[in-house]
Amino acid sequence: MDETHDTPSASAPEKLTPLDPRYKTLMRTVAAIVAFGLFIAATISEFAIDGWTGVVWVPAVLVIAYIVLYLPMRRYATRGYSLAEERLRVVRGVLFHSDTVVPFGRVQHIDVDQGPLERGFGLATLTVHTAGSHNASVSLPGLAHEDALAMREDIRAAIRRDTQ
């Protein structure tokens, strides 16, 4: 039976560790890149419609403000993790809440990844691959690169203890 699940823990609530604060800036940067494309499309549409100044720009600017200013903060506030009791717990979700627990005994391998933007901000994503097919990998973005490496080593050490 696969012990990785997407339901809230039945035990007492535990304190979650927040992600690195630089992750908010990274999410805003990604949102700004998307928003720039939206703004270009809105500008082209605005000039294509004669006499309707603002009919496209105003809604586009409101959507852009929501995407760049509010949404990254909300996403950051709803994410966290816990590394305790021989398991990794990852909580996330604004509309769809996900509470995933990965027991170390199910871990097959662990990756620490950095894309170009993550590297620029000194962040990384920890991905834990598990045995089984349901939720076979769990990703935890927004960690300081040093923290992701330390977590990977902590999980490896716990697995070594269990197998000896």
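Arg87 contacts Glu14, Ser82, Val101, Val102, Pro103 and Phe104, neighbours within four places in sequence being left aside. Contact here denotes heavy atoms within 4.5 Å. The model is predicted: local features need pLDDT of at least 70, side-chain atom pairs count only at pLDDT 80 or more, and totals for chains, interfaces and linings use all residues. Residues are numbered from 1 along each chain as its sequence is written, and side-chain values use heavy atoms, without hydrogens and water.

Arg87 belongs to strand S3 (residues 87–92). Strands are DSSP runs of E with at least two residues, helices are runs of H or I with at least four, and both are numbered from the N terminus. The relative accessibility of Arg87 is 13%, so the residue counts as buried. The classes are buried (under 20% relative accessible area), exposed (over 50%) and partly exposed (in between), with a 1.4 Å probe and protein chains only.

Strand S6 (residues 123–130) is mostly covered, with eight of its eight residues buried. In a regular strand, side chains alternate between the two faces of the sheet. In S6, Leu123, Thr125, Thr127 and His129 point one way. Ala124, Leu126, Val128 and Thr130 point the other way. S6 runs antiparallel to strand S5 (residues 107–113), and six bridges join the two. Pairing requires at least two DSSP bridges between two strands. Within this pairing, Val107 has Thr130 of S6 as its bridge partner. Six bridges also join S6 to strand S7 (residues 137–144), again antiparallel. There, Thr127 stands opposite Ser139 of S7.

Helix H2 (residues 57–77) contains Ile64. Ile64 is buried because its relative accessibility is 16%. Beyond neighbours within four places in sequence, Ile64 contacts Ala35, Leu38, Phe39 and Leu69.

Three aromatic pairs are found in the structure. The ring centres of Phe39 and Trp57 are 6.4 Å apart and their planes lie at 10 degrees, so this pair is stacked. Pairs are formed by rings of Phe, Tyr and Trp (its six-membered ring) with centres within 6.5 Å; planes under 30 degrees apart are stacked, over 60 edge-to-face, and the rest tilted. Phe39 lies in helix H1 (residues 22–48) and Trp57 in helix H2, so the pair ties together parts 18 residues apart in sequence. Phe39 is partly exposed at 33% relative accessible area. Trp57 is also partly exposed, at 27% relative accessibility. Ring pairs link Phe39, Phe47 and Trp57 into a cluster.
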